[in-house]
Amino acid sequence: MSILIEGVTKLYGTQKALDDVSFEVKTGEIVGFLGPNGAGKSTMMKIITGFIPPSSGKVFVNNIEVGTDNPDVKRQIGYLPENNPLYPEMYVREYLGFVASFYKIEKPVTKQIDKIIELTGLAPEQNKQIGALSKGYRQRVGLAQALIHNPAVLILDEATTGLDPNQIVEIRNLIKEAGKEKTVLLSTHIMQEVEAICERVIIIDHGVLMANEEKSKIYSLINKAGQIIVVEFDKQADESKLSVIEHITGVRLIRNNTWQIEAEGEDDIRPAIFNFAVNNNLTVLSLQKQQSNLEEVFRHLTS
């Protein structure tokens, strides 16, 4: 496992920021790490990266136990914190060389800097001072410093905060590209971001682990019916006949001639509904399988 969390609790006085949290992130996964403000996400990321110790429990990165004074494990991790602290008076290449010096990268360092500048799309701005860069390019610099030592694990805390839609897409693409070779733990409040690039979702609330599921399965946490169909007919349908179609478990009229239908099992129920319409002289105006989204799951688990 790239990241292994075993029973981590973090206390600030009598307040529990994390309460016996355990999870794993496998090599090569991009995992969304979600929770409302104050849920403990940033605390967990600081523990994984060795900035603060847990009150109890253990954390391993690539089978090395994390401690606050463990340079071996820190070489395994690239970290982009939420506030992306940079030196605005430094030039882009100068700053990346400065960060590279911490990790004792084999010379020539310029070759690695060139590679990361190309990967993160910083080439047009590489000779500028960081303070003169746009927010989007400063985020790229933050991602570049997290990648400069070629870590196995990337910890990204709100990597697209404050960016415009075009910049968000660019940073997402960079994360997806990095995720082809690395393990990525991504904290964000943007649900579309997780749905676009993550394979698994971890949700915490008040320091407690609420969900740890593959993205394709997490919707079942709120959608107990096998499937939900919304169908609109051209005229009134007979509810008693509609409700006895095989596998249908519930029907509800939601507006004129439009029904919400719940059905059990994984077999698509839409052909049966279409046949019902034909046999009852109805015309189907629309027929849609309703999908839960991650925002609904998040609200359900953390409200």
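Residues are numbered from 1 along each chain as its sequence is written. In this predicted model, local features need pLDDT of at least 70, side-chain atom pairs count only at pLDDT 80 or more, totals for chains, interfaces and linings use all residues, and side-chain values use heavy atoms, without hydrogens and water.

**Exercise 1.** Find where Thr 49 sits, and decide whether Thr 49 is buried or exposed.

Solution. 
- Start with the place. Thr 49 is in the loop between α1 (41-48) and β4 (56-61). Helices (H or I, at least four residues) and strands (E, at least two) are DSSP runs, numbered from the N terminus.
- Check the area. The relative accessible area of Thr 49 is 3%. Buried means under 20%, exposed over 50%, partly exposed in between (1.4 Å probe, protein chains only). Therefore Thr 49 is buried.
- List the contacts (heavy atoms within 4.5 Å). Beyond neighbours within four places in sequence, Thr 49 touches Val 66, Lys 74, Ile 77, Tyr 79 and Ile 155.

**Exercise 2.** Work out which strands pair with β9, and how much of β9 is buried.

Solution. 
- Take β3 (residues 30-34). This strand pairs with β9 in the parallel sense over 4 bridges. Pairing needs at least two DSSP bridges between two strands. Gly 32 has Val 201 as its bridge partner in β9.
- Take β10 (residues 208-214). It runs antiparallel to β9, with 6 bridges. Asp 205 stands opposite Val 208.
- Look at the hairpin of β9 and β10. It has 2 residues between the strands, and His 206 takes a positive phi near 50°.
- Count the burial. In β9 (residues 200-205), 6 of the 6 residues are buried, so the strand is largely enclosed by the rest of the structure.
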